[in-house]
Amino acid sequence: MMASQEGLSTQAEGTALKIRKVTKRYGAVPVLNGIDFELREGEFLTLLGPSGSGKTTLLKIIAGFEHSDAGRLVLGGEDMTRMPPSRRDIGMVFQNYALFPHMTVEENVAFPLRMRSVPRREIPGRVRQFLEMVDLGEFASRYPAQLSGGQQQRVALARATVFGPRLLLLDEPFGALDRRLREAMQLQLRELQLRLKLSTIFITHDQEEALIMSDRIAVMRDGRLQQVAKPEHLYRRPVNEFVANFVGEANILSGTVAEDGAGRRCLRLEGGQMFPLPASKGTTGQPLSVLLRPEHPSPVPPGDEPDSTITGRISKVIYLGTTIKYLFEAENGLELHFRRQASHREEVLPVNTPITLGWSSRDLHLLQ
Amino acid sequence: MPNKKMDRRGFLVSAAAVLAAPAVLRAQQVPAKPDRLIVNASGGDMGNAVLDAYGQVFTERTGIPVEMTSPHDLGKLRAMVESGNVEWDVTEISGDDGRIAVERGLLEPIDESIVDLSAYPAEARDPYLLTTSVYSTVLAYRSDVFTDAKPRTWADFWDVEAFPGRRSLGGGPEDNLEFALLADGVQLAELYPLDVDRAFRKLDEIRPHITAWWDSGAQHVQMLVDQEVVLSSAWNGRIFNAVGKGHPLEISWDGSSLHRAYFAIPRGAPNLHWSQQFLAAMTDPQAQATFANQLVSPGLNPRAAEYVDPTLAPYLPTTPENMQVSFWQDDLWWSQHMAEIKNRWQRWILG
Amino acid sequence: MTSTAFTSAAAERPFGRMMASATPGRSLLLLLPAFLVLGVILFMPLLDLAALSIDGGSFGPYVKALGDPLYVRVIGQTFQIALISTGICLILAYPLAYFMATTSPRLRILCLLLVALPFWTSVLVRTYAWMVLLGRNGIINRLLIDNGFIAEPLPLIYNKAGVILGTVYYLLPFMVLPIFAAMMRVDRQLLLAAEGLGASAVRRFFSIFLPLTLGGIGAGAALVFILALSAFITPALLGGGRVIMITNLIYTQVSQVLDWPFAAALSVLILVATIVAYSCIGLLTRRRWN
Ligand SMILES: Nc1ncnc2c1ncn2[C@@H]1O[C@H](COP(=O)(O)OP(=O)(O)OP(=O)(O)O)[C@@H](O)[C@H]1O
Ligand SMILES: [Mg+2]
């Protein structure tokens, strides 16, 4: 499958990192398969994919802790495929933080500066500046064991950025934090990244996190890149069912293009049910999958004529606070789900309410 | 020192017990038999020979099995006696250790109504210590190294030009002071009291030629056998055994130091009557001969000579020709001077 | 910075409170059984020993021990030998432990067995084996002479070097095992992190690996040092009677001279010296960070 690359970041100027056809196997098992994409200067790119899809492996290859079997890495115009990690100038934040337990917060942050022979006089100032940036000014002389998880995370962040790395890599840095802390850290990281104009690769398997933070998202599956795109692009126009399902909620309908008794174009699903298609889409007999995000179908108000409609009843209601999720069962047995904003102007529809759902052709997205 | 006072008191108590003991024993029937008798001695060959020779006789006589433990240790004996927790029914307590034990009141007196010492020479009879055997520290050398002129006296041992080669001596002042004085021309009969200063001066001469100051019987044999040294002071029994195994070693009896191996009963031993019976078994001439045949270390019962293998005579320290050129180490003198000489020796060793 | 980060930091649970939740009273109670057992089997005899050393109501034995150059020298020599042995053990054990910690599991088990081998034989047997190996006509000297490396046998035993060698061999496992354990506990990711942050192999070792294994070094050094101080058979046999250690003196006093107050005083002195040494090692290798 070809990975599609679209929607380049707006603030991007040059290319920070080129990854060219990187392949890696452990024994006979291929873990990365021709990974090929570019990271722009100052871009925040998220690697998103299910567990075991090869995200960490790719990050390790970029950091230099693993070697690829084939392919090249070009960092700022310099081929670094075989360069030792200590000379790559890449800041990395590990999932478990990897703080040096025998060093104070201050010493941890000073470590990369000392390794780079930054003049002794300059170190304390730099360290202080970065610790204040991550809001840890008064924790400078504590040991990591005396910090909370979130504080440790911020020390790791300061340590990975204090020396002005050419690239910042983060492997699920917020995995161990609770939701509130996680949200705060997401904001803080993004802010730091923008301020320092750091080219960043961030790993997560939380799609929401990916959508919030990224300039672009690269979706991986089984060692292959599926799609690299801006969040809204990825959401609206996923290239395949996997991406569609992985990013956001989806109604995905697969079948063959057909005509119903009235001569309208339809998708004949595997169960035989018919799903209305706009006349412009597909040719008869063609196998096809379409995506309809649950926020698009809505109950048709009287007098309205949307592009497509389908009648049935509400089979289940899930109240989620700001939104209400409905499960809909059509007369022909087809199932869809749709969402409504919770509003005091609109009653929650009870189960078994007969209803006609309608949507615009624009909202229907064809998948390969 | 208050300690000494206490010991003297202990001594008086046991002295009183001596006087009372025969009467008490006569008044009683033979006490109950313990399930075993624990006899403590040097380990190794010595322990085995004690068990073979005396243990057997004792068990035959009384039906009580004997269990051997080792090593013998004056400090441990004192600890046992003073804590009232005596584990040994009988223990070896040789040389000056025996004398110190007597002086400190750590021993039960020997009950001569059970242990018949009438045949023993007067100088071998002691109220507390039973002399069970005699061994000797002799001059030993490699017979394959000294083929023509053989070292004979301690003066020869000291003569590193006539008898070149690496040497070894025991790792304490005992014997060594005597050997040094003999080497310096002192007569056998005039050794005691030792002229300690003169002995150390003479030892200064030999010190550079000593490879190691041996720590145990096993070690000096090992060093001679490995040719680590070619001359050494040594225990006659050990060399006898090594020669039996084919090692080219010889000894000279000239100026050898005779030692008494003592056995005694710790004060407060739990089965006193049977302990006395064990000592009685140790005076048995046939048992003494068995022991002597194993270790070339004869007992002092004159009748034992009848049973000792006559071919062993040249190897026994008590054979008249050997005895004539030997001296008895003076336990009493040593026990009185031990602390001070030991300290001086250790300081001297460190140089 | 936004205010979000500030509030979230404040919302985190302060470290001090987490620690305070385990009340000191309760945790002390957990120590009670150990205290009782140690009190009876360790401290009572020690008190006894101390009491014995001033049995005469005076500090005479101490004055004697510290006033006599013999004892001062022997204590000095004992510490010197223990210190050198500990140093050599450390130099040998550290690379060995490192090899064990980084090699394959199979080789690791084999190494562990080999390291523990000395535990399976008695001190006496081992010491005699050394005599056979290191003597003038021993295997090593014969190999060297036969191959023309030396003309005269080297004095490998019956001196201080022999004692140190025997002690090192005997005590090496006590150094290897704690260091090995400490190395196994080092998180490999920390070394990767250091490498990524620009540390060369040498600096990774000195800045990260060594400090993180310092606890193991401390434990090993303390064990070896204390055991070397109390070595008894090895110096007597391999030292050729020339190397006197404090335990040899104590033995003389306990078992040959029967001056127990003096022996007790020597023991108390060596005990105090040991505690001081132990504290020093502890201070040098203390983990301040948790
Ligand atoms: N050292 C290794 N030896 C063999 N296989 C490995 C090794 N490291 C990773 N793998 C395999 O490679 C695949 C990708 O692993 P990787 O750690 O890159 O996944 P990931 O996308 O980071 O997953 P997660 O989200 O769970 O962290 C997995 O199937 C994993 O089992
Ligand atoms: Mg991972």
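This is a predicted model: local features need pLDDT of at least 70, side-chain atom pairs count only at pLDDT 80 or more; totals for chains, interfaces and linings use all residues.

Trainee: Got it. Which side chain does Asp89(A) meet in a salt bridge?

Mentor: Its partner is Arg116(A), with N to O at 2.8 Å. Asp89(A) sits in the loop between strand 6 (78-79) and strand 7 (90-93) of chain A, while Arg116(A) sits in the loop between helix 2 (105-115) and helix 3 (122-133), so the bridge ties together parts that are 27 residues apart in sequence.

Trainee: And Asp89(A), what's its relative accessible area?

Mentor: Asp89(A) comes out at 26%, which makes it partly exposed. Arg116(A) is partly exposed as well, at 24%.

Trainee: How many salt bridges are there over all chains?

Mentor: The search of the whole structure finds 34. One of the others to look at joins Asp36(A) and Arg20(A), whose closest N and O atoms are 2.8 Å apart. That pair links distant parts of the chain, with Asp36(A) in strand 3 (residues 29-40) and Arg20(A) in strand 2 (residues 15-26) of chain A, 16 residues apart.

Trainee: What else does Arg20(A) meet in a salt bridge?

Mentor: Glu38(A), at 2.4 Å from N to O. Here again strand 2 and strand 3 of chain A are linked, with Arg20(A) and Glu38(A) 18 residues apart.

Trainee: Is Glu38(A) buried or exposed?

Mentor: Glu38(A) has 16% relative accessibility, and because the cut-off for buried is under 20%, it counts as buried. Arg20(A), at 27%, is partly exposed, and Asp36(A), at 22%, is partly exposed too.

Trainee: Which residues do the shared partners join into one network?

Mentor: Arg20(A), Asp36(A), Glu38(A) and Arg40(A).

Trainee: Let's zoom out a bit. What does chain A look like overall?

Mentor: Chain A has eight helices and 21 strands. Its C-alpha atoms fill a box of roughly 80 × 50 × 35 Å along the principal axes. Of its 368 residues, 54% count as buried.

Trainee: Now chain C. Which residues make the nonpolar surface patch?

Mentor: Phe99(C), Leu107(C), Leu110(C), Leu114(C), Leu117(C), Phe119(C), Trp120(C) and Leu177(C) make it, and the patch covers about 820 Å². Helix 6 (residues 105-116) of chain C gives the most, with three residues.

Trainee: Which helix gives the largest share of the lining?

Mentor: Helix 7 of chain C, with four residues.

Trainee: And how do the lining residues divide by type?

Mentor: Five are nonpolar, three are polar and one is charged.

Notes
Residues are numbered from 1 along each chain as its sequence is written. Chains are lettered from A and ligands numbered from 1 in the order in which they are written. Side-chain values use heavy atoms; hydrogens and water are left out. Patches are made of residues with over 30% relative accessible area and no salt bridge: like charges are joined within 9 Å, nonpolar side chains (Val, Leu, Ile, Met, Phe, Trp, Tyr) within 5 Å. Accessible areas come from the Shrake-Rupley method with a 1.4 Å probe; for residues, only the protein chains shown count as cover. A salt bridge is a side-chain nitrogen of Lys or Arg within 4 Å of a carboxyl oxygen of Asp or Glu. Helices (H or I, at least four residues) and strands (E, at least two) are DSSP runs, numbered from the N terminus. Ala, Val, Leu, Ile, Met, Phe, Trp, Tyr, Cys and Pro count as nonpolar, Asp, Glu, Lys and Arg as charged, and the others, Gly among them, as polar. Buried means under 20% relative accessible area, exposed over 50%, partly exposed in between (1.4 Å probe, protein chains only).
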